[in-house]
Structure formats: C-alpha cells, structure tokens
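The following exercises are intended for a reader who is new to this structure. Each one sets a task and then works through the solution step by step.

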Amino acid sequence: MMTFAVSFLPTHSFFQGDDLTMSVHRILMERMAEARQLLERAEALACSRKDGVQGGPKLCSKLKAELKFLQKVELGKVSVKESHLQSTNLTHLKAVIESAESLGDVVSLLHVFNYRDRAGEKQCLVVDVVANSGHTWVKAIGRKAEALHSIWVGRGQYGDKSIIEQAEDYLEASKQQLVQYSNPHIVFAFYNSVSSPMADRLKEMGLSVRGDIVAVNSMMDLVEEAGENLSDSEEDLEEPLCVTKVDRSTIVASVAFPTDVKVDFCNRVNLDITTLITFVSAVSHGGCDYIFKEKVLTEQAAQEREESVLPKLQAFMKGKELFACQSAVKDFQAILDTLGGQGERDRAQKLLQRISVVPDQPSEYALRLEASAKINTRSITIFGTGDTLKAITMTANSGFVRAAGNQGVKFSVFIHQPRALTESKEPTAAPLPKHDASS
C-alpha cells in the first residue's frame with residue numbers, strides 16, 4: 001500500500017478534500033468505532049470474575065490510549081500516514097480480547113512473568129491471556145502469516161524475533177511458573193493465519209496452535225525460470241530451493257481454541273489448621289444466625305449467611321487424596337480441646353478418619369523463608385510439607401501466602417474464607433430474629 005503523510009483537518013473539513021483524504025477519514029472512523037467496541041468488550045472481561053480479572057484495567061487503559069490518539073488525529077492535532085491507521089495496536093488488542101472471550105476461567109490479562117533465560121539472565125515475559133485457572137497461557141498474534149514466515153526464514157528486519165524464538169521464551173518461562181506442580185499449557189493464537197511449517201514446528205515444541213494454517217509454496221519455478229541469469233556463486237548454493245512463499249489462498253486447517261486442554265490437575269490436598277477448623281465449625285454447619293460477643297465471629301457468621309464456605313471446600317476436595325501433617329493435626333486437636341463444642345469434635349473425628357496424617361517434612365524450598373510477623377515455623381512446616389507432597393495446601397491463612405510470595409516463595413494453594421469454632425460461644429450469643437436470619 002502506498003503511504004503518504006496527511007495533516008488532518010478538523011472533522012467537518014474532511015468532506016471538502018480530495019478522494020484520498022476522504023478515504024483516510026473513512027479508515028479513521030472505522031478505527032475509532034472499533035476501538036470503542038473493543039473497550040466495551042474489555043470492560044466486560046475485566047469484571048467477568050467476582051473479584052475481577054487481573055490486568056483487566058491495564059487492557060482497558062491501552063484501548064483508551066488508542067482511542068484518545070485517534071481522537072487527536074480526528075481533530076487535526078496529529079499528522080499520520082494512512083499505513084499507521086491500517087496497522088495500529090488495535091490489531092493486537094483485538095486478538096487479546098478475542099482469545100480471552102474464547103476461553104474459560106480467565107484469571108489475568110497482559111500478565112508479566114519474571115524468569116531467567118538459559119544464560120541465567122533475568123527476563124520478563126508478557127502473557128496476553130492466562131486462563132483455565134492459570135493452567136493455560138495464550139499469546140495472541142495479529143501479524144500476517146507472510147510477515148511471520150519471512151522473519152522465521154531470515155528475511156525480516158534486523159532485530160525481529162521469530163515466533164519460534166518467542167515460543168522458546170514461553171517454554172522457558174513456563175518451566176519456572178508451575179501451576180499445581182505442572183507447566184502451564186501454551187497456546188499461540190494466530191488471527192491472520194500461520195504458515196504450515198511454522199505451525200508444525202510449534203506443535204513439535206509442545207505448543208497448541210489456534211487459527212488458520214495456510215500452505216507454503218516453494219519458489220522453485222521462479223528459480224528455474226531465472227536459472228539462466230544466476231551467477232556462479234548463486235548456482236553453488238547448497239539449498240537454492242529453500243526460498244518459500246506463503247499461499248494464503250490454500251488453508252490447510254482451521255483450528256479453534258482447544259476445547260479440552262489436557263492439564264495434569266493435582267490430585268493431592270494438604271489441609272492447613274485453618275481449613276480443618278473451617279470444615280468442622282458450627283458456623284459452617286448452620287450456626288450462623290447469631291450475633292456473638294466477639295466481633296470477628298459475628299463478621300464470619302454474616303459472611304456465612306451471605307455465602308456458605310463449606311460447598312466450595314467440599315467441591316475442591318472431592319475425589320482427591322487428603323493429607324495433613326502431624327503438626328497441623330496436633331495443633332488442631334489442641335484448639336478443639338480448648339474451644340470446641342461436642343458437635344465440632346464429632347465432625348473433627350469423622351474428618352480425620354478421611355485424612356492421611358503424615359510426618360512433618362517441609363521442603364527445602366519452604367525452608368528458604370525467613371521468619372517474620374506473618375511467617376512462623378509452624379506455617380513453614382505445614383506449607384512446606386504440602387510442597388514436599390506436591391499437594392495443594394488448602395488454607396485461610398492468606399497473610400502467610402502473601403508474605404511468602406514477597407520473599408519469592410510461591411506455594412500452590414486454595415484460599416478460602418476463615419471460620420472459627422463457635423459452638424461453645426452460642427449460649428452467650430444473641431440469636432438473630434427469624435426475618436433477619438432468613439434475609
């Protein structure tokens with residue numbers, strides 16, 4: 001496409017110009033309409049989870065910046081080339097949004113992961129979409145197959161990194177960002193096609209490919225036709241026919257997002273003291289219609305009336321092996337003996353029969369932690385034993401998880417709201433009136 005500089009006039013002046021100016025104006029209007037539509041979709045994505053999608057505001061900010069720039073162009077405050085309007089950041093942002101809309105349980109957008117490359121140097125990687133509870137990473141690619149293929153075969157501009165090289169970065173980073181002790185599954189989503197050889201190479205590397213896979217033709221005929229004009233040095237090339245060209249008209253396959261990404265979900269669960277207490281608490285078993293003398297217990301009762309915690313715990317534990325280390329069980333039983341009512345003790349006895357109690361065996365990874373206000377030896381032992389077992393630790397101790405993360409130690413956890421033992425507190429609590437209890 002021929003490029004040319006255009007000094008934009010205010011909107012009302014466009015229709016007084018030549019056909020080329022009106023053509024650019026039409027493209028500008030289309031881009032602005034697209035930006036507004038994408039912003040609406042991004043805002044919907046950002047609030048698609050109860051607690052919001054991490055990175056959602058960042059995606060919206062990028063779209064607002066694009067729209068603001070286009071509005072400046074419309075007002076004649078910025079001079080641009082037509083080609084700039086044809087290839088704006090909207091292409092990539094649209095690919096990110098469409099990828100996120102095609103997947104379930106999107107937890108993050110434009111997420112930055114830190115990792116070390118093979119040389120040990122610190123690097124950061126922006127993953128466009130993190131979905132499937134963190135088990136799936138998606139790179140959304142809006143560039144055309146022709147450009148991607150040219151870079152791969154060495155015909156790109158200096159400094160261009162090929163998709164295959166980017167895939168290597170993704171693989172290296174994913175090895176250092178385990179989710180439930182497994183590498184995230186990587187999907188490269190192509191919104192302007194990908195050449196068949198590149199798709200095959202990505203699959204060989206263990207990635208999934210989404211999009212139209214198009215054929216690549218050897219330029220053999222062109223070379224033969226020009227054979228008489230080849231110099232001696234050109235005739236001596238070992239692979240003179242390696243020159244290839246993308247044939248967009250021939251679609252080899254159209255691949256949708258994997259509907260069933262195979263993920264090695266962890267089948268082991270390590271129960272923290274807070275989870276053991278929550279599971280047997282009277283509040284979790286219907287005793288939430290009280291105003292307790294203790295403010296924290298009243299707050300937990302109100303939370304339970306709003307949303308019961310037990311169904312979530314039971315759903316997560318279903319079909320999994322349950323473990324608890326000796327320190328967790330010992331301290332749990334000591335708390336029961338001091339504060340537990342008879343119903344809570346009975347439930348605890350049944351629960352412990354379902355659990356394999358194992359010796360304390362904190363991992364070396366957990367033992368890196370330095371003690372602080374939020375990090376004590378008991379928690380290091382419990383979470384570290386879960387790490388040794390390669391189990392997900394269920395806990396309400398979010399403070400420890402955050403503090404450990406701040407020290408660079410990230411555990412695989414399932415965090416839930418806390419519930420205390422309250423049965424022995426019920427006699428001194430004020431029952432809620434029936435209409436309040438049911439509301």
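**Exercise 1: Helix 7 and what follows**

Just after helix 7, G206 takes a positive phi of about 100°. The model is a predicted one, in which local features need pLDDT of at least 70 and side-chain atom pairs count only at pLDDT 80 or more, while totals for chains, interfaces and linings use all residues. Residues are numbered from 1 along each chain as its sequence is written, and side-chain values use heavy atoms, with hydrogens and water left out.

Task: Determine which residues of helix 7 are buried, and where they lie around the axis.

Solution. 
- Step 1. Helices (H or I, at least four residues) and strands (E, at least two) are DSSP runs, numbered from the N terminus. Helix 7 covers residues 196-204.
- Step 2. Buried means under 20% relative accessible area, exposed over 50%, and partly exposed in between, with a 1.4 Å probe and protein chains only. In helix 7, S196, M198, A199 and L202 are buried.
- Step 3. These residues cover an arc of only 160° around the axis, so they lie on the same side of helix 7. The arc is taken from the directions from the helix axis to the C-beta atoms.

**Exercise 2: Aromatic pairs**

Task: State how many aromatic pairs the whole structure holds, and examine two of them.

Solution. 
- Step 1. Rings of Phe, Tyr and Trp (its six-membered ring) pair if their centres lie within 6.5 Å; planes under 30 degrees apart count as stacked, over 60 as edge-to-face and the rest as tilted. A search of the whole structure finds 10 such pairs.
- Step 2. F316 and F414 are stacked, at 4.2 Å centre to centre with 20° between the planes. F316 lies in helix 12 (residues 310-317) and F414 in strand 15 (residues 413-415), so the pair ties together parts that are 98 residues apart in sequence.
- Step 3. The ring centres of F383 and F411 are 5.6 Å apart and their planes are at 50°, so this pair is tilted.
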